[in-house]
Amino acid sequence: MEPIVVISVLGGLIILLLFSGAPFKPARFVGQAAIKLLIGALFLFFLNVAGNHYGIHVPINFATSAVSGFLGIPGLLALVAIQHWII
């Protein structure tokens with residue numbers, strides 16, 4: 001499947017969820033978690049684009065997206081530190 005199609009479908013579902021709201025608590029939790037994972041993936045994408053000049057590359061997968069999405073900028077910096085000094 002084309003990446004643009006996947007991104008468009010996910011974006012449409014997120015916008016639909018934002019406008020309609022979730023009717024019950026578990027769906028709201030799943031929706032918020034999905035949005036945080038998407039934000040984490042975007043953080044990592046922009047880090048990889050900007051860090052390419054400095055040799056910084058953090059792979060984008062479920063675990064790294066979860067860390068950067070749920071912890072935010074400190075999580076992103078922690079992933080860079082782990083990538084640089086440990087791995």
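Helices (H or I, at least four residues) and strands (E, at least two) are DSSP runs, numbered from the N terminus.

Before clicking around, some ground rules. This is a predicted model, where local features need pLDDT of at least 70 and side-chain atom pairs count only at pLDDT 80 or more, while totals for chains, interfaces and linings use all residues. Residues are numbered from 1 along each chain as its sequence is written, and side-chain values use heavy atoms, with hydrogens and water left out.

**Stop 1: the whole chain.** Show the C-alpha trace; along the principal axes it fills a box of roughly 45 × 30 × 20 Å. Of the 87 residues, 23% count as buried, meaning under 20% relative accessible area, with exposed set at over 50% and partly exposed in between (1.4 Å probe, protein chains only). Contact here means heavy atoms within 4.5 Å. Among contacts between residues at least 6 apart in sequence, 51% join residues at least 24 apart.

**Stop 2: helix α2.** Select residues 25-51. This helix has 27 residues and spans 38 Å from first C-alpha to last, close to the 39 Å expected at 1.5 Å a residue; the expected span is 1.5 Å times one less than the number of residues. Now pick out its buried residues: G31, A33, G40, L44, L47, N48 and G51.

**Stop 3: the core.** Select L44, L47, V58, L76, L79 and V80, the 6 residues of the largest nonpolar core. Both α2 and α4 supply at least two residues each, and the largest share, 3 residues, comes from α4. A nonpolar core is a set of buried Ala, Val, Leu, Ile, Met, Phe, Trp, Tyr and Cys residues joined through side-chain atoms within 4.5 Å.

Stay here and centre on L79. Leaving aside neighbours within four places in sequence, L79 is in contact with L44, V58, T64, V67 and S68.

**Stop 4: A63.** Move to helix α3, where A63 lies. Is A63 buried or partly exposed? A63 counts as partly exposed because its relative accessibility is 48%. Finally, draw a distance from A63 to L37: they sit 26 residues apart along the chain, with their C-alpha atoms separated by 9.3 Å.
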